[in-house]
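Here are my notes on this model, as numbered points. Please read them with the structure open.

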Amino acid sequence: MSDEFDLLETNSNEKQSKVDVNWGKAIDTMKSKLAQEDDPEVRQKILNATLDDVVHMAEKDRTTLLDAIKDLTDYQDEVGIIFEAFSSLNAEEQKVIDNAIKRLERARVELEDAEAKPDTWWNNLWGRKAKIRKAEEELKAAQKARDEADTKAKAMFQQRIESADVQTLLNELSFKSQAAVKRLKDREVEIKEVEDKLQDAIVEATKNHTKALEKKKEVETKLEEQYALLKQARQALEEIVDKQSAEYAEAVGKVTTLEQKVEELEGLKNAYTTLAASKDSFVHKHNLTIKVLTSLRSNLQTHRAKLKSDTEERLKYYDGYVVALKARTDQEFAAILEHLGVKTDEHIGETLAAMHTASAKARQEMMDNIPVHEKVMQGVYSSYAEALQEIRAKDVDIQKNFAERYGIDMKQIFEDYYAAENEPSKPEGESAKPEPKSGDDDLLS
C-alpha cells in the first residue's frame with residue numbers, strides 16, 4: 001500500500017511559516033448562516049420538481065455558495081490567513097500580485113547594487129549618492145505597491161465571483177478546502193514543536209527540582225551545625241561575669257557572627273525550598289499543557305484527514321453536479337426546439353399523431369414509475385425516522401453526561417433544538433402522493 005494513503009501523516013521536518021491568528025466573529029457568522037439552511041419543504045420540492053424548479057434551486061445553490069465564499073474570504077482577514085494562498089486567483093488577479101512582487105525584488109537589488117559601489121569621490125561624482133536616493137525612493141514605492149496588491153487582487157476576485165457560475169464557486173470552495181488541509185498540517189507541526197520544547201522543559205525543571213532539594217538538604221546540615229555552635233557561644237557568653245572585659249566583647253562578637261551565618265543559611269534554605277516548589281509546579285504545568293496540546297493536535301489531525309479525503313470525493317461529486325446542470329440546460333434547449341418544430345409542423349397530421357402517441361407512452365411510463373418512486377421515498381424517510389430516533393436517544397445520554405460531569409442542565413437546550421420536530425405530522429399510512437389533476441392539458445402545462 002502506498003504511503004500517500006496515510007492521511008494522518010505529518011512531516012515535522014518541513015519548514016513552516018507561522019501565521020498570527022486574530023480570532024473574530026466571522027466563524028460564528030458562518031455557523032449561524034449554515035444553521036438557517038434547514039428547509040422542512042425539501043421533500044415536497046423533490047416530489048413536485050420540474051425543470052423550471054431546478055433553475056431556481058440551482059440559483060439558490062449559487063447564492064448560498066457565493067455568500068459562503070465571501071464569508072470565508074472575510075474570515076481569512078480575521079484570522080490572518082494570506083489571501084492569495086487561500087483563494088484560487090485567475091491569471092489577471094495573480095498577475096497583479098506577481099508584478100508587485102517582481103517590482104519589489106527588483107527595487108531591492110537595485111538599491112543593493114547602488115550601495116555596493118565604493119564610496120569614492122569618483123563614484124560620487126558620477127552620481128552614486130543620487131542613485132542610492134533614487135533606489136531608496138523606488139523601494140518605498142515598490143513596497144507600498146506590494147502592500148496594496150493584495151487588496152486590489154481581492155477586490156478583483158470579489159467582483160469576479162459576484163457573477164460567477166456554480167462551477168467556478170465550487171472550484172473556489174474546493175481550493176479553499178485543499179488550502180485548509182495544508183494550514184491544518186502546518187498547525188499540527190507547530191504544536192508538535194511546542195510539545196517537544198515543553199518535554200525538554202520538563203526534564204530541565206525536574207533536574208533543577210532535584211538539585212534544589214539536594215542543596216536544601218546541604219544547607220539544613222550546615223544550619224544544624226551553626227545552631228549548635230551558636231548555642232555554645234551564647235552559653236559561654238552568659239558565663240562571663242565581667243561584662244566590661246575584652247573577653248565579654250569577644251564572646252559577643254562570636255555570637256553575632258554565628259547569628260549572621262544562621263540567618264544567611266536560613267535564607268538559603270528558604271530560597272532552595274521555594275525554588276524546588278516552583279520547579280515542581282512547572283513540571284505539572286508543562287505536563288498539563290502537553291496533554292492539552294496533544295489533544296488539540298489529535299483533533300486537528302482528525303479534521304485534516306477527513307477534510308482531505310472528503311475534498312477528493314467532493315471534486316468528483318461536484319463534477320457530477322455541474323454536468324447535471326449542463327444537461328438540464330441542454331434538455332431545456334431541446335424542449336424549445338421541439339416546441340418550435342411542433343409549431344412549424346402543426347398542420348402535419350403524422351407528426352401530431354406520433355407526438356400524441358409518444359406523449360401517451362411517456363405518461364404511462366410516468367404513472368408506472370410513481371409506485372416505485374413512492375416506495376423508495378418511504379424507505380428513505382423510514383431510515384430518516386430510525387436515525388432520528390437513535391440521535392434523540394443519544395441526546396438523552398449526552399444531557400445526562402453533561403449534568404453529571406459539569407452540573408449543566410442541557411434539557412431545555414435540547415428541547416428548544418427539537419421544537420421544530422414536535423409539529424404534528426401526517427399519519428404513517430397516509431400517502432404522500434399528490435392528488436392527480438383532471439385533464440391532460442393540466443399535466444402538460
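1. What share of the contacts in the chain with a separation of 6 or more comes from residues 24 or more positions apart? The figure is 84%. Keep in mind that this is a predicted model.

2. Overall make-up. The chain has 11 helices and zero strands. From the N terminus on, the order of elements is therefore α-α-α-α-α-α-α-α-α-α-α. Of the 445 residues, 23% are buried. The chain exposes about 32,300 Å². Carbon and sulfur atoms supply 55% of that area.

3. Negative patch. Six residues deserve a look here: Glu-110, Glu-112, Asp-113, Glu-115, Glu-136 and Glu-137 gather on the surface in a patch of negative charge. Two helices, H4 (91-116) and H6 (128-162), each supply at least two residues of the patch. H4 gives the most, with four residues. Glu-136 lies in helix H6. Its relative accessible area is 34%, so Glu-136 is partly exposed. Patch members must have over 30% relative accessible area and no salt bridge.

4. How many salt bridges does the count come to? The count is 10.

5. Arg-297 and Glu-195. These side chains meet in a salt bridge, 2.9 Å from N to O. Is Glu-195 buried or exposed? Glu-195 is buried, because its relative accessible area is 5%, and the cut-off for buried is under 20%.

6. Glu-190 and Arg-187. Here, too, a salt bridge forms, with the closest N and O atoms 2.5 Å apart. Both residues sit in helix H7 (residues 166-239). They are three residues apart, so about one helical turn separates them. Glu-190 is partly exposed, at 24% relative accessible area. Arg-187 also counts as partly exposed, at 21%.

7. Lys-306 and Asp-310. The side chains meet in a salt bridge at 2.5 Å, N to O. Both residues lie in helix H8, four residues apart, about one turn of the helix. Lys-306 is exposed, with a relative accessible area of 53%. Asp-310 is partly exposed, at 21%.

8. His-286. This residue is found in helix H8, which covers residues 246-344. Which residues does His-286 touch, not counting those up to four places away in sequence? They are Leu-198, Ala-201 and Ile-202. His-286 counts as buried because its relative accessibility is 17%, and buried means under 20%.

9. Tyr-272. Helix H8 also holds Tyr-272. With a relative accessible area of 23%, Tyr-272 is partly exposed. Leaving out residues up to four places away in sequence, Tyr-272 touches Ala-212, Lys-215, Lys-216 and Val-219. How far apart in space are Tyr-272 and Lys-217, C-alpha to C-alpha? The distance is 9.2 Å, for residues that are 55 apart in sequence.

10. Then turn to His-286 and its contacts with Leu-198, Ala-201 and Ile-202. Follow with Tyr-272 and its contacts, Val-219 among them. Finish at the negative patch, to which H4 gives four residues.

Conventions:
Residues are numbered from 1 along each chain as its sequence is written. This is a predicted model: local features need pLDDT of at least 70, side-chain atom pairs count only at pLDDT 80 or more; totals for chains, interfaces and linings use all residues. Side-chain values use heavy atoms; hydrogens and water are left out. Patches are made of residues with over 30% relative accessible area and no salt bridge: like charges are joined within 9 Å, nonpolar side chains (Val, Leu, Ile, Met, Phe, Trp, Tyr) within 5 Å. Accessible areas come from the Shrake-Rupley method with a 1.4 Å probe; for residues, only the protein chains shown count as cover. A salt bridge is a side-chain nitrogen of Lys or Arg within 4 Å of a carboxyl oxygen of Asp or Glu. Lys and Arg count as positive and Asp and Glu as negative; His and the chain ends are not counted. The place of a charge is taken as NZ of Lys, CZ of Arg, CG of Asp or CD of Glu. Buried means under 20% relative accessible area, exposed over 50%, partly exposed in between (1.4 Å probe, protein chains only). Contact means heavy atoms within 4.5 Å.
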